[in-house]
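Subject: Structure for your review

Hello,

Please find the structure below, with notes on what was found in it.

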Amino acid sequence: MSEQHVQGEQRVTSLELFFDLVFVFAFTQVTTVFSDDPTWAGVAHGLLILSTLWWGWAAYAWLTNTLNPDKGAVWGALVVAMAGLFVAALAVPEAFGSEGVVFGVAFLIVNVMHLTLYSLGARGDRDLLAAILRTAPWALSGTALIIAAGFVDGDFKSVLWLAALVVGFFGPLVNGMGGWRVQPAHFAERHGLIVIIAIGESLVAIGIGARGVGLGIGVIVAAVLGLLVATAFWLAYFDFFTIRGEQLLTDTSGEERVALARDIYTYLHLPMVAGIVLFAFAMKPTLAHVSAELDTVPAFALCVGPAFYLSAYVALRLRISRTLGRGRVLAAIACALLWPVAIVVPALVALALLTAVWVALHAYELIWWREARAQTRAMRQPASAS
């Protein structure tokens, strides 16, 4: 096995955190797409761009889970990939306009560096190398479609982007999971940190939205309510899912572990991040016009964004235990049902109603699932005591 392979469990390195900082900027750029074009087309474009960026980030999460990012060759390649990702982020506001080719070429560099580095690092692991080579045609074909989209106009551009995601991000599903490796602790921690970054973007959006509108009582209340919703995002994830998710991976092995990691982290974390970013976008017009009704699209983002986030947990539970549960299903439905209400009441009222849904959900979970939470938290005690 190559010396660049990780030996035993590792924690997330400072280089990986630095790599993830590019996504702070990328997330901000996606909210700019929503803000500059608050229409259904703008939402679709922003979500397609976000999904593509997530595809790139997820690929490197798998890579650094297998290879040691502090090794010289890996370190250098990650810096090059980071530069490509940063250029892609710079092009995000015009990815469906004049900078589509720039975005596509930058993303091609990101994918080529990923595949090359992964292949070189897996030279001593025949099964892993075979898995990477099976994935390469999907990734490169999807990237080629994004580049091609930069040369066309109209609705066909969106069709090509969607096809690129189907091919590049979901295409590898047909290959099976043989040959891949997952280290549970590192993989769970890495995804938890990107969720924190996304939540941080919602806080930045609150700050930007409050800037220049005057800190009247309505704006202050809206900002505090926005902070409470961001806290609810955090609590929903970090109260015990980080522990439980890692434990689920630890308790499995082989292809079962890899498939579980793929489903609950690579795929089902995307709607979580998308929901947070939609909420971040909605906070800007909410703070700018606390006493006015929201337009249809910002109201959608304010209410359905959190519904997306909660629905990801519903899907997680369905994937793991084949059950739906009650609390988060009902909360997701309640958030979605607030959308038509948010169009006819002041933005501050809509935000208050959304916050009430979150408070009710967490009150229910903290009381009803008290013993289960305690048992889950106890899983970490032996590790802490060692």
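**Helix α13**

Helix α13, residues 327-342, is 16 residues long and spans 22 Å between its first and last C-alpha, close to the 22 Å expected at 1.5 Å a residue. Helices here are DSSP runs of H or I with at least four residues, numbered from the N terminus, and the expected span is 1.5 Å times one less than the number of residues.

This is a predicted model, in which local features need pLDDT of at least 70 and side-chain atom pairs count only at pLDDT 80 or more, while totals for chains, interfaces and linings use all residues. Residues are numbered from 1 along each chain as its sequence is written, and side-chain values use heavy atoms, with hydrogens and water left out.

The buried residues of α13 are G327, R328, A331, A332, C335, L338 and A342. They fall within an arc of 130° when seen down the axis of α13, so they line one face of the helix. The arc is taken from the directions from the helix axis to the C-beta atoms. Buried means under 20% relative accessible area, exposed over 50%, and partly exposed in between, with a 1.4 Å probe and protein chains only. An α-helix has 3.6 residues a turn, so residues three or four places apart point the same way. On the face turned away from the buried side of α13 are the exposed residues L330 and L337. The buried residues of α13 pack against α8 (217-238), α12 (296-321) and α14 (347-368); contact means heavy atoms within 4.5 Å.

R322 sits in the loop between α12 and α13. R322 is not a glycine, yet has a positive phi of about 60°. Most residues other than glycine have a negative phi. R322 counts as exposed, at 60% relative accessibility.

**Cavities**

There are two cavities of 30 Å³ or more in the structure. By type, the lining of the largest cavity has 13 nonpolar residues, seven polar and one charged.

The terms are as follows. A cavity is a set of points, on a 1 Å grid over the protein atoms alone, where a 1.4 Å probe fits but cannot get out; lining residues have an atom within 4 Å of a point. Grid points are joined across faces, edges and corners, and a volume is the space filled by probe spheres set on the points. Ala, Val, Leu, Ile, Met, Phe, Trp, Tyr, Cys and Pro count as nonpolar, Asp, Glu, Lys and Arg as charged, and the others, Gly among them, as polar.

The contacts below leave aside neighbours within four places in sequence.

- V110 is in helix α4 and is buried, at 1% relative accessible area. V110 is in contact with Y60, A81, G84 and L85.
- L140, in helix α5, is partly exposed at 36% relative accessibility. Its contacts are L108, V112 and L115.
- F308 belongs to helix α12 and is partly exposed at 31%. F308 is in contact with P271, G275, L278 and F300.

Regards

Definitions and conventions:
Helix = DSSP H or I, 4+ residues; strand = E, 2+ residues; numbered from the N terminus. 1 Å grid on protein atoms, 1.4 Å probe; cavity = no way out; pocket = protein on both sides within 12 Å on 5 of 7 lines; lining within 4 Å.
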